[in-house]
Amino acid sequence: MSLLTDKYELTMLAAALRDGSAHRRTTFEVFARRLPEGRRYGITAGTARFVEALRAFRFGTAELSSLADFLDPAALDYLAGYRFTGDIDGYPEGELYFPGSPVLSVHGTFGDCVLLETLALSIFNHDTAVASAAARMVSAADGRPLIEMGSRRTHEQSAVAAARAAYIAGFTGSSNLEAQRRHGVPALGTSAHAFTLLHTTDGGSMSDWEKAAFKAQVDALGVDTTLLVDTYDITTGVANAVEVAGPNLGAVRIDSGDLGVLTRQVRDQLDGLGATKTRIVVSGDLDEFAIAALRAEPVDIYGVGTSVVTGSGAPTASMVYKLVEVDGIPVEKRSSHKESHRGRKRAD
């Protein structure tokens, strides 16, 4: 964990230890100078993950050995005993933030705080971007549930963090089982097209194969399951689903095509077959704009993948970690377009 750090944090520490400034009291703040284009606010996420990671931020024998080629003995000795002894405050997860908002404030000696820049930013930039995109989708869904389904579109550990961030922002659950185990995010999911294709045989028709797949799923999971009906032909798929599961089928899922047109057709078909309570789940490259466009359609649940785990085009929230106070003296950066606001602030 401690080597998830940029080298310059350690070279600054070594120099500060040498000239005695490492023990000066400082405040660093995590904030965004601006929001992604088209956004009016962001959603804070990552605080709890940062605090958890901080507890494991230690330099053991293996880590110190890898640093010995460029750090002097005094710096290595400092790192061997490193434990963050400062204070941290900030916004609660799920809180709105705006440009300049002190999402996280880290108070302590320069040595305490300087080592945490990469750790803080890698967590907050990722989780906040996901939560901010997810919140826009929650608003567009207008009270209808959303399932995070993006694990296959990102790094395996990012997938777990993304599921948690989306849940914080209002998603109903995630397809990711590790997110359920680690963070308590409800796990949701049924089957893919591969399960229907698995039931292909030398004889029979596509409809027969599909009904065999549906029967296997219903036998295993019950009639409240969700059947994926667009492997071959959606109209036939819906008819097969209701024939196999009966009118109390939990839901059908559509993963392709013109979702606006198809959901109306499927709703009419389900109602005509007596499956008036069967819900319609839609998925397939949805983002907040596609969800908003479907607001007037008979969609019951949205499944969202790529656009939420990648922050809907903003994979980082562009947050920075800047020194704003030294021994009680406000300091500020004045670089063009990269200014910081001086002085320690309260996260109200």
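**Entry 1: the antiparallel sheet.** Before reading off partners, I noted the rule: two strands pair if DSSP finds at least two bridges between them. I also noted that this is a predicted model, so I treat every value below as computed.

I began with strand 1, residues 25-32, and strand 12, residues 319-326: they run antiparallel and are joined by seven bridges. Within that pair, I found Phe-28 opposite Leu-323 of strand 12. I then widened the view to the whole sheet, which is open, has five strands in the order 3-5-1-12-13, and pairs antiparallel. Which strands stand at the edges? They are strand 3 (87-90) and strand 13 (329-330); each has a single partner strand, so one side of each is left without a neighbour in the sheet.

Entry 2: I next looked up an open sheet of six strands, with the order 7-6-11-10-9-8 and parallel pairing. Strand 7 (173-174) and strand 8 (226-228) are its edge strands, each pairing on one side only. Further in, I checked strand 9 (residues 251-254) against strand 10 (residues 279-282): four bridges join them, and they run parallel. Arg-253 has Val-281 in strand 10 as its bridge partner. Helix 12, residues 259-272, packs on this sheet and touches both strand 9 and strand 10. I noted the angle too: the direction of helix 12 makes about 160° with that of strand 10.

A reminder to myself: strands of a sheet pair through backbone hydrogen bonds, either parallel or antiparallel.

**Entry 3: the nonpolar cores.** Which residues have the most contacts inside the largest nonpolar core? I found Ile-291, Tyr-302, Val-304 and Val-308, in a core of 43 residues. Helix 6 (residues 117-141) gives the most to this core, with eight residues. I listed the neighbours of Val-308, leaving out residues up to four places away in sequence: Val-130, Ala-134, Met-137, Glu-148, Ala-166 and Phe-171. There is also a second, separate core of 41 residues, which includes Leu-10, Ala-53, Leu-79 and Val-114.

**Entry 4: Thr-128.** I stayed with helix 6, where Thr-128 has its place. Is Thr-128 buried or exposed? It is buried, with a relative accessible area of 0%. I then checked what its side chain does with its polar atoms. A polar atom of the Thr-128 side chain lies 2.9 Å from the backbone oxygen of Phe-124, and one lies 3.1 Å from the backbone oxygen of Ala-45. Beyond four places in sequence, Thr-128 touches Ile-43, Thr-44, Ala-45, Tyr-97, Ala-317 and Met-319.

**Entry 5: positive phi.** I looked for non-glycine residues with a positive phi and wrote down two. Asp-142 has a phi of about 55° and lies in the loop between helix 6 and strand 6 (146-148). With 53% relative accessibility, Asp-142 counts as exposed. Ser-318 has a phi of about 60° and sits in the loop between helix 14 (306-309) and strand 12. Ser-318 is partly exposed, at a relative accessible area of 44%.

**Entry 6: salt bridges.** How many salt bridges does the structure hold? I have 13 on the page, and I followed some of them up.

- Arg-18 and Asp-72 meet through their side chains at 3.0 Å, N to O. Arg-18 is in helix 1 (residues 7-19) and Asp-72 in the loop between helix 3 (61-67) and helix 4 (73-80), so the pair ties together parts that are 54 residues apart in sequence. Arg-18 counts as exposed at 67% relative accessibility, whereas Asp-72 is partly exposed at 21%.
- Glu-288 pairs with Arg-136, with the closest N and O atoms 2.8 Å apart. Glu-288 is in helix 13 (residues 288-293) and Arg-136 in helix 6, so this pair ties together parts 152 residues apart in sequence. Glu-288 is buried, at 5% relative accessible area.
- Glu-297 pairs with Arg-264, with the closest N and O atoms 2.7 Å apart. Glu-297 lies in the loop between helix 13 and strand 11 (301-304) and Arg-264 in helix 12, 33 residues apart. Glu-297 counts as buried at 14% relative accessibility, while Arg-264 is partly exposed at 38%.

Technical notes: Residues numbered from 1 in each chain as written. Predicted model: local features only at pLDDT ≥ 70, side-chain atom pairs only at ≥ 80, totals over all residues. Heavy atoms only, no water. Core = buried A, V, L, I, M, F, W, Y, C linked by side-chain atoms within 4.5 Å. Buried < 20%, exposed > 50% of the residue type's maximum accessible area, 1.4 Å probe, protein only. Contact = heavy atoms within 4.5 Å. Axes fitted to C-alpha atoms, helices over the stretch in contact; angles between N-to-C directions. Polar contact = N/O pair within 3.5 Å; in protein donor to acceptor, adjacent residues only side chain to side chain. Salt bridge = Lys/Arg side-chain N within 4 Å of Asp/Glu carboxyl O.
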